[in-house]
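Subject: Structure handover

Hi,

Here is the structure I promised to pass on. Please open it beside this email as you read.

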Amino acid sequence: MYETFFQLQKKPFELIPDPDFIYLSRSHKKALTYLDYGIRERVGFILLTGEVGSGKTTIIRDLLNKRYERVVLAKIFNTRVNSEQLLAMINDDFGLPVAGKDKISLLRELNDFLLEQYALGNHPMLIIDEAQNLAADLLEEIRMLSNLESAHGKLLQIVLVGQPELRETLARPELLQLRQRISINCHLKALSLDEMSEYIEHRMTVAGNKEALSFPPGTLDLVYQFSRGIPRLVNIICDFLMLSAFAEESTVASVEMARDVLGDLEFEQHFWGDGKTGTRPAAEAAARPAGGAEDERLSTALSEVCATLALLREDFNTHVSRVDSEVAQLGRSVEGLGAALEQIREQAVQESNVEGGFVRRLFGSGAANANK
């Protein structure tokens, strides 16, 4: 509708997960690298989580566009099913007949198919999106699928994709075996304020005009405050800002325009409304029409506080990740030291036996015992 006015080739803020628009924040780049490595190295289980709208599906679609050699893919997106239905959906996506088959037949045919693909040199991979909907017993059954193996390795690689609730389910004691099999573990974080600014510019560039709409700093603060750095919500706000600017025949998304859009959308209530963050009063104050210099100053101060808290949260998460990595490295070093000590001990025992044998041959068993 507004593409011609802004000299765009296509809309920059569509909600469809389009890999052409993929923007790699630090968190997204890390996840993409880990997932690519996991698929190429054929690790068993891969876990990708993130908030609703954080870009999980876009990441997966970008990976699938890489067209991995000899990967045979099955994708499951409907996870509100029972055990037999899930198995039938997996077989069906692999191209196996499922009509009239019971669970035992489905499992046997899946195993035969995986063995056949293994013999052909292919690598079957199963991606389960929206996996946070799977109950613990279904996740355990999925783990059992990873037991399908040849004499030389696993027959099926499994990628679980879901919202943070999936991690809560996986933390249950009965899923310990599944947790231990997850080799690649990624979580997509929300964008920082700077990343969100780059994200908006990136999408307008891909759409054909990097300078289609100007976002003053105050507007960016409001967009960040209400979206909390979630890409899908950034898209919703920016799409309405472009529509509003088009209606006013302007190429600048002013702070007043942003307040109007956010107020019209009842954004905080409609898209969050969980009461978890305690930001609603601040958001409502920010979306209120400008009533004076005091309101403007308060709005700006709140935006800065929100941005600072987001940066502190990101730094804290980075610090925790670094500490986890260092602890893991220390653990590996301790294991290596233990192995070296064990080797030294075994070598000492062998040398002692050799020495005892030599003394025994020369002076008899009494001398050997005395030597000990």
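Predicted model: local features only at pLDDT ≥ 70, side-chain atom pairs only at ≥ 80, totals over all residues.

**Salt bridges**

The count comes to eight salt bridges. Three of them are described here, starting with Lys-11 and Asp-239. Their side chains meet in a salt bridge, at 3.7 Å from N to O. Lys-11 lies in the segment before helix H1 (26-40), and Asp-239 lies in helix H10 (residues 231-247), so this pair ties together parts that are 228 residues apart in sequence. How accessible are the two partners? Lys-11 is partly exposed, at 24% relative accessibility. Asp-239 is buried, with a relative accessible area of 18%.

Next, look at Arg-143 and Glu-140. They form a salt bridge, and the closest N and O atoms are 2.5 Å apart. Both sit in helix H5 (residues 136-145). They are three residues apart there, so about one helical turn separates them. Arg-143 is buried, with a relative accessible area of 5%.

Lys-210 is partly exposed, at a relative accessible area of 45%. Glu-201 is also partly exposed, at 37% relative accessibility.

**Helix H8 against helix H9**

At what angle do H8 and H9 pack? Helix H8 (residues 193-207) and helix H9 (residues 217-227) pack at about 110°, and their axes are 10 Å apart. H8 is therefore roughly perpendicular to H9. The range for that label is 65 to 115 degrees, so 110° falls inside it.

Which residues make the contact? From H8 come Leu-193, Met-196, Ser-197 and Ile-200. From H9 come Leu-220, Asp-221, Val-223, Tyr-224 and Ser-227. By class, the contact has six nonpolar, two polar and one charged residues. Asp-221 is the charged one, since Asp counts as charged.

**Cysteines**

How many disulfides are there? The count comes to zero. Two cysteines to look at are Cys-186 and Cys-238. Cys-186 is buried, with a relative accessible area of 4%. Cys-238 is buried as well, with a relative accessible area of 0%.

**Positive phi**

Gln-7 has a positive phi of about 55°, although it is not a glycine. Gln-7 is in the segment before H1. Is this residue buried or exposed? Gln-7 is exposed, with a relative accessible area of 61%.

The other is Glu-249. Its phi is near 50°, a positive value in a residue other than glycine. Glu-249 is in the loop between H10 and helix H11 (255-265). Glu-249 counts as exposed, at 66% relative accessibility.

Best wishes

Technical notes
Residues numbered from 1 in each chain as written. Heavy atoms only, no water. Salt bridge = Lys/Arg side-chain N within 4 Å of Asp/Glu carboxyl O. Helix = DSSP H or I, 4+ residues; strand = E, 2+ residues; numbered from the N terminus. Buried < 20%, exposed > 50% of the residue type's maximum accessible area, 1.4 Å probe, protein only. Axes fitted to C-alpha atoms, helices over the stretch in contact; angles between N-to-C directions. Parallel < 35°, antiparallel > 145°, perpendicular 65-115°, else oblique. Contact = heavy atoms within 4.5 Å. Disulfide = S-S within 2.5 Å.
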